[in-house]
Amino acid sequence: MGGQRGTAPIDAGGHPVWAGPEALPVLAGHLTERAPSRTVVLADAHTARLCLPELHAHVPALAGAPVIEVPAGERAKAMGTCALIWRRLAELGTDRHGLLLCVGGGVVTDVGGFAAATYKRGIRCAHVPTTLMGMVDAAIGGKTAIDLHGVKNLVGLFHDPIGVYVHTPFLRTLPARERMNGAAEMLKHGLVADAAHWQAVIAAAPHDVGALAPLVPRSAAIKAALVKADPRDQGVRKLLNFGHSIGHGIEAHAWDPGQQPLLHGEAIAIGMVCEAWVAWRMDLLPRTDLDRITEAIASLFTLRPLVPMNDERIIELMGHDKKNAAGGLRFALPTAIGRARPVVPVHPDLVRAALAHARAVAVENPPITAARP
């Protein structure tokens, strides 16, 4: 049976995560066992070309499955993409016993999961993440969402996949910038939950696929454990939002007209520098840990100065953050490397000061928009 092959899966509560050489054979077994009336593959323009041939080699039954191809990139996380997916599912005659297999990075699993959850009031989906970001974070946890009016993940719901199948050889298809994009989330996992993992990611040279791949299961396990403990994101799972309160505001503003877009992990790296500084200013984080965090992130990511970004626009976009309550900002903040608090009220003035701090850090490093190769 597919569910019994290889090692035990990582338990994310509502779904298993298979990470390692057994992942795609397990997927093949699950497709046989669960016998969907139709399996439809969702991929973006990059994964359709670079990843589907290898997927077909490991899961031959998928070679004849219809493929819905969507544009690559964050702009595809939109209602128009969902309409395209719904229309194609209907044209293919997909009924409520069908399965949407999402093959790609976080954009594909986010928008694909949302489309599956809403098509005919919900069909099953499964995720084969092909980016480092997807493998360690985006594909795990059952969150689905699309962006709306320039706000990240404004519309979404929870919809657990039948499984997440992590095949790390797909990392070979990624450029260095995309690998670093996912490495930011791995650093975050270590900072909020596992100091040894944080140190391992730093020591591994995150742009190196051979060094990163063995660390993927641990990062996925940290994410899965927090999801299992708090499946609806009401408590401890909010630890995963470290760096994301300010980071999402920066990322969304970077997509405004006249700005230069950032990848999610690049924005989160800046967000972690900012929010670690906020934790220090609020006497939650020792100065020595702040310095270690800042130095490590700045050594791995050449941080872009936030000029000409508008601080008030960033704060405006942060106002849509789902952690906020009673009109106030709520952050997840570190208390030490490897520990954090999930919900801390933060005044906007601290955000303005933190952005100024990030500018100062960036000035000390050559300003480029991409991660170092």
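Leu-99 stands opposite Arg-124 in β6, and in this predicted model strand β5 (residues 99–104) runs parallel to β6, the two being joined by six bridges, where pairing requires that DSSP finds at least two bridges between strands. Helices (H or I, at least four residues) and strands (E, at least two) are DSSP runs, numbered from the N terminus. Together with helix α5 (residues 106–118), β5 and β6 make a right-handed β-α-β unit; right-handed means that, with the strands pointing away from the viewer, the path from the first strand over the helix to the second runs clockwise. Strand β6 (residues 124–129) is largely enclosed by the rest of the structure, because five of its six residues are buried (under 20% relative accessible area, with a 1.4 Å probe and protein chains only).

| Residue | Relative accessibility |
|---|---|
| Lys-77 | 4% |
| Cys-51 | 2% |
| Cys-274 | 0% |

Lys-77 lies in the loop between β4 (67–70) and α4 (79–91). Leaving aside neighbours within four places in sequence, Lys-77 is in contact (heavy atoms within 4.5 Å) with Val-107, Asp-110, Ala-145, Ile-146, Asp-147, Lys-152 and Asn-153.

The structure holds zero disulfides, a disulfide being a pair of cysteine sulfur atoms within 2.5 Å. The closest cysteine sulfur to that of Cys-51 is in Cys-102, 14 Å away, and therefore too far for a bond.

Residues are numbered from 1 along each chain as its sequence is written. Local features need pLDDT of at least 70 and side-chain atom pairs count only at pLDDT 80 or more, while totals for chains, interfaces and linings use all residues, and side-chain values use heavy atoms, leaving out hydrogens and water.

Definitions and conventions. Buried means under 20% relative accessible area, exposed over 50%, partly exposed in between (1.4 Å probe, protein chains only).
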